[in-house]
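Hi,

Here is the structure I promised to pass on.

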Amino acid sequence: MAEIHTLPSSGQAAPDEIISQQPAAWVDLPADDQHQLLLALVGTTFGQQPEQQLKLIRASRARFARRFVRMAAVSKHHTVLEIGSGCGFGTRVLAAKATRVLACDISPAYLSYARHECADLNNIEFIQTHSRSLTVLADQSVDVVISISVFIHLNLYDIYWYCREIARVLKPEGRLCFDFADSDKLFRRDWLRPANGRSRDHFFVEQAGHYLDGPTDLPQLMQWNSLRGILNVARRCGLRLVRRRSDRLLFKKMPAEE
Ligand SMILES: C[S@@+](CC[C@H](N)C(=O)[O-])C[C@H]1O[C@@H](n2cnc3c(N)ncnc32)[C@H](O)[C@@H]1O
């Protein structure tokens, strides 16, 4: 039976006994298995052997990361926290724009891959974190938080805990940019399908199949959330939406009295 925890009072960091429970699937990936790491990162979008498509994957992840960097207006003066750096393909893009990048991930295997991927860059620190927790970081220590293709795997509880921690580590007026899997857009007739046919609906049905095959793999599957729910939770944590581009959201830290 699931253990029931008492919620900490508002404004405090989440206690370690709550946040140390890891979504096992990512954490347990083997460091020496590039095939598995890439499959967990991009699925079969680049075929069954993604390690043979490394150049394409790198370029595609970098292109995607540039959208977040532009949206959050990352600049040379910024310290950027990246939550879920994966193979480091997007981390390179952040490092090219920011003065310093703190690249966090819960998976030692991905951190090791990313360290190797970014070995030629000297403004990145790789840090292993626990899910939902940023206790390694001081209050008001970062300008921008970016998380790419990570919140699409988080349920609303995870998002709540992360938003609380993010609001704590952000400087006043600091920004947060992440993408999410929008449940409100599923199976809508009025929604245009992308040219490659891999629509949201396609992913949902594919992931529903994976769920049936292995319900315990849930942490690695996509989690569908409503925009309204995310905005309410973020606002409760002191983060206000300032812009939305498709499934990417940009928040600003609100002044304490707001
Ligand atoms: C789909 S990959 C995305 C990687 C990278 N951001 C990119 O866009 O290429 C998800 C990454 O987030 C990490 N991750 C999953 N759950 C996490 C959590 N709760 N906190 C931090 N990182 C997490 C995984 O270990 C993995 O490296």
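Below is what turned up, starting with the sheet and ending with the ligand.

Keep in mind that this is a predicted model.

The sheet is an open one: seven strands in the order 3-2-1-4-5-9-8, with mixed pairing. Strand 3 (124–128) and strand 8 (239–245) sit at the edges with a single partner strand each, so one side of each has no neighbour in the sheet. From one strand to the next, the twist averages 20°.

Ile-83, for instance, has Cys-104 in strand 2 as its bridge partner.

Two helices pack on the sheet. Helix 6 (residues 108–117) touches strand 2 and strand 3, and its direction makes about 165° with that of strand 3. Helix 9 (residues 227–236) touches strand 8 and strand 9 (248–253), at about 145° to the direction of strand 8.

Next, helix 3 (residues 34–42). Its buried residues are Leu-37, Leu-38 and Val-42. They span an arc of only 105° around the axis, which means they lie on the same side of helix 3. Helix 4 (54–71) and helix 6 are among the elements that cover them.

Finally, the ligand. There are 19 residues around it, and Trp-26, Gly-84, Gly-86, Ser-107 and Ser-131 come nearest. That shell is made up of nine nonpolar, eight polar and two charged residues.

Cheers

Methods:
Residues numbered from 1 in each chain as written. Predicted model: local features only at pLDDT ≥ 70, side-chain atom pairs only at ≥ 80, totals over all residues. Near = placed C-beta within 6 Å. Nonpolar A, V, L, I, M, F, W, Y, C, P; charged D, E, K, R; others polar. Pairing = 2+ DSSP bridges. Helix = DSSP H or I, 4+ residues; strand = E, 2+ residues; numbered from the N terminus. Axes fitted to C-alpha atoms, helices over the stretch in contact; angles between N-to-C directions. Contact = placed C-beta atoms within 7 Å. Buried ≥ 20, exposed ≤ 12 C-beta atoms within 10 Å, placed from the backbone. Arc of directions from axis to C-beta.
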